[in-house]
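Have the model open beside you if you want to follow along.

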Amino acid sequence: MKPFLFLFLLLNLVTFGIFGIDKLLARLNRNRISEKTLLALAIAGGSVGAIFAQKLFRHKTRKFQYRIWVILLSQFIIFEALWYFSPILFQSAKHLWIQ
């Protein structure tokens with residue numbers, strides 16, 4: 001498995017879990033996880049996990065809906081570019097390293 005695919009999956013699982021914890025804290029009237037933290041996790045690569053958590057937990061659907069979809073689209077484009085160009089990038093890096 002390519003390293004960035006593993007990282008992508010891990011970040012999305014963590015983001016999903018953090019959104020779930022925040023929803024639980026909201027129901028218990030306890031101190032919540034800041035919106036900055038939730039958005040930072042989505043920007044860092046967890047936008048898919050954030051969207052699934054929003055749908056499953058019905059959490060942060062009003063404030064985050066537009067932002068998360070823009071982040072997801074951006075990450076998809078970047079991920080696809082990395083996936084497509086990774087053999088070329090690794091070959092170039094290997095060639096530079098050997099010389």
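My entries below go from the overall layout to single residues.

**Entry 1: ground rules.** I am working with a predicted model, in which local features need pLDDT of at least 70 and side-chain atom pairs count only at pLDDT 80 or more, while totals for chains, interfaces and linings use all residues. Residues are numbered from 1 along each chain as its sequence is written, and side-chain values use heavy atoms, with hydrogens and water left out.

**Entry 2: layout.** I looked up the secondary structure and found 3 helices and 0 strands. From the N terminus the order is α-α-α. Helices here are DSSP runs (H or I, at least four residues), strands are runs of E of at least two, and the numbering starts at the N terminus. I noted α1 as residues 3–27 and α2 as residues 35–57, and α3 as residues 65–98.

Entry 3: I then asked how much of the protein is buried, and got 29% of its 99 residues. Buried means under 20% relative accessible area, exposed means over 50%, and partly exposed is in between, with a 1.4 Å probe and protein chains only. For contacts (heavy atoms within 4.5 Å), I took pairs at least 6 apart in sequence, and 71% of these join residues at least 24 apart.

**Entry 4: the salt bridge.** How many salt bridges does a search of the whole structure find? I got 1, counting a side-chain nitrogen of Lys or Arg within 4 Å of a carboxyl oxygen of Asp or Glu. The partners are D22 and R32, with their closest N and O atoms 3.1 Å apart. D22 sits in helix α1 and R32 in the loop between α1 and α2, so the pair ties together parts that are 10 residues apart in sequence. I checked both ends: D22 is buried at 0% relative accessibility, whereas R32 is partly exposed at 42%.

**Entry 5: N29, in that loop.** N29 is also in the loop between α1 and α2. I wrote down its phi, which is positive at about 55 degrees although N29 is not a glycine. A reminder to myself: most residues other than glycine have a negative phi. N29 counts as exposed, at 73% relative accessibility.

**Entry 6: the aromatic pair.** My ring search gave 1 aromatic pair. The rule takes rings of Phe, Tyr and Trp (its six-membered ring) with centres within 6.5 Å, and calls planes under 30 degrees apart stacked, over 60 edge-to-face and the rest tilted. F16 and F57 are the pair, and they are tilted, at 5.2 Å centre to centre with 35 degrees between the planes. F16 lies in α1 and F57 in α2, so the pair ties together parts that are 41 residues apart in sequence. F16 is partly exposed at 26% relative accessible area, and F57 is partly exposed at 26% as well.

**Entry 7: T15 and G46.** T15 is in helix α1, and its relative accessible area is 0%, so it is buried. Skipping residues up to four places away in sequence, I found T15 touching L41, G46, G49 and A50. Beyond its own neighbours within four places, G46 contacts L11, N12, T15, L41 and Q75. I also noted that G46 and L9 are 37 residues apart along the chain, with C-alpha atoms 8.1 Å apart.

**Entry 8: I71 and S47.** I71 is in helix α3 and is buried, at 14% relative accessible area. Outside four places in sequence, I71 contacts L39, A42, I43 and S47. The C-alpha distance from I71 to A42 is 7.2 Å, across 29 residues of sequence. S47 belongs to helix α2 and counts as buried, with 0% relative accessibility. From S47 to L73, 26 residues apart along the chain, the C-alpha separation is 9.0 Å.
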